[in-house]
Amino acid sequence: FTVEMAKTVTGNAGADALLRSLTGQNAFVKRLPDSPNYRFHHMMKACAQRDFDALPPEEQAEYRARYGRWYADRGDYLQALAAFGKCGRWDAALDVIQRDAGILLAALRPQQVLELLDCCGDRVLMEHPTALLVLMRRMFTWGQIPRMQQLKALLLESVRNHPDMTPRQRGNLLGECDLIESFLHYNDI
């Protein structure tokens with residue numbers, strides 16, 4: 001991990017001084033040679049995990065959300081998605097899916113994505129029409145056609161319920177939705 005990551009995740013602006021102090025005292029934190037990265041000794045990591053597990057759930061969720069934002073800001077979307085999933089920040093998870101455009105979703109098992117969809121719920125999904133489209137594409141690719149059709153219905157309702165969308169945004173979403181549907185019918189022939 002880096003100093004910047006430690007500052008972001010802990011919310012401690014003085015994390016750099018703390019890391020220098022721990023490293024100087026040989027307190028199971030070491031800076032890697034010729035690198036800005038640090039690492040914990042496995043004993044320190046175990047102690048930190050034990051202390052983290054003792055935190056109230058809402059505090060744990062906030063740390064995980066910071067962790068997710070850290071990775072999302074750097075384009076490491078799978079790590080961000082995992083962190084947001086662990087803390088139940090479904091809006092943030094869907095933002096990551098939208099930003100990634102579904103490219104890294106292919107690295108996940110279909111069951112993982114289906115579970116994420118179930119956790120999000122329809123209301124949250126409908127607030128993210130572009131993520132819905134991305135998820136529709138992935139469901140099509142995986143042959144999860146009934147789930148793809150459910151997402152299509154949510155997307156159509158979402159587009160109707162977003163009066164702030166420009167005509168161009170609506171057209172792009174609906175056009176791609178129709179394109180996916182046409183591939184589905186083409187494969188039936």
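The second largest pocket is lined by 13 residues, and those nearest its centre are Leu 81, Ala 82, Leu 108, Gln 112 and Leu 116. The model is predicted, so that local features need pLDDT of at least 70 and side-chain atom pairs count only at pLDDT 80 or more, while totals for chains, interfaces and linings use all residues. Residues are numbered from 1 along each chain as its sequence is written, and side-chain values use heavy atoms, with hydrogens and water left out.

**Second largest pocket**

- A pocket is an open set of points on a 1 Å grid over the protein atoms alone, where a 1.4 Å probe fits, with protein on both sides within 12 Å along at least five of seven lines; lining residues have an atom within 4 Å of a point.
- Two or more lining residues come from each of α5, α6 (90–100) and α7 (110–126); helices are DSSP runs of H or I with at least four residues, strands are runs of E with at least two, and both are numbered from the N terminus.
- The largest share of this lining, 5 residues, is supplied by α7.
- The volume of the second largest pocket is about 220 Å³, a volume being the space filled by probe spheres set on grid points that are joined across faces, edges and corners.
- Its lining divides into 10 nonpolar, 2 polar and 1 charged residues; Ala, Val, Leu, Ile, Met, Phe, Trp, Tyr, Cys and Pro count as nonpolar, Asp, Glu, Lys and Arg as charged, and the others, Gly among them, as polar.

**Largest pocket**

- The largest pocket holds about 1200 Å³ of space.
- Its lining has 27 residues, with Val 9, Thr 10, Phe 40, Ala 48 and Phe 52 nearest the centre.
- The elements giving two or more residues to this lining are α1 (3–10), α2, α3 (42–53), α4 (57–73) and α5 (77–87).
- With 7 residues, α3 gives the most to the lining of the largest pocket.
- By type, the lining of the largest pocket comprises 19 nonpolar, 4 polar and 4 charged residues.

**Helix α1**

- Val 3, Met 5, Ala 6 and Val 9 are the buried residues of α1, where buried means under 20% relative accessible area, exposed over 50%, and partly exposed in between (1.4 Å probe, protein chains only).
- These buried residues line one face of the helix, because they fall within an arc of 160° when seen down the axis of α1; the arc is that of the directions from the helix axis to the C-beta atoms.
- The cover over the buried residues of α1 includes α2, β2 (38–40) and α4, with contact taken as heavy atoms within 4.5 Å.

**Salt bridges**

- The structure contains 8 salt bridges, each a side-chain nitrogen of Lys or Arg within 4 Å of a carboxyl oxygen of Asp or Glu.
- Asp 16 forms a salt bridge with Lys 7, their closest N and O atoms being 4.0 Å apart.
- Asp 16 also meets Arg 20 in a salt bridge (4.0 Å, N to O); Arg 20 and Asp 16 both lie in helix α2 (residues 15–24), 4 residues apart, about one turn of the helix.
- Lys 7 is partly exposed at 32% relative accessibility, as is Asp 16 at 23%, whereas Arg 20 is exposed at 52%.
- Arg 69 and Glu 62 form a salt bridge with their closest N and O atoms 3.2 Å apart.
- Salt bridges that share partners join Glu 62, Arg 66, Arg 69 and Arg 89 into one network.
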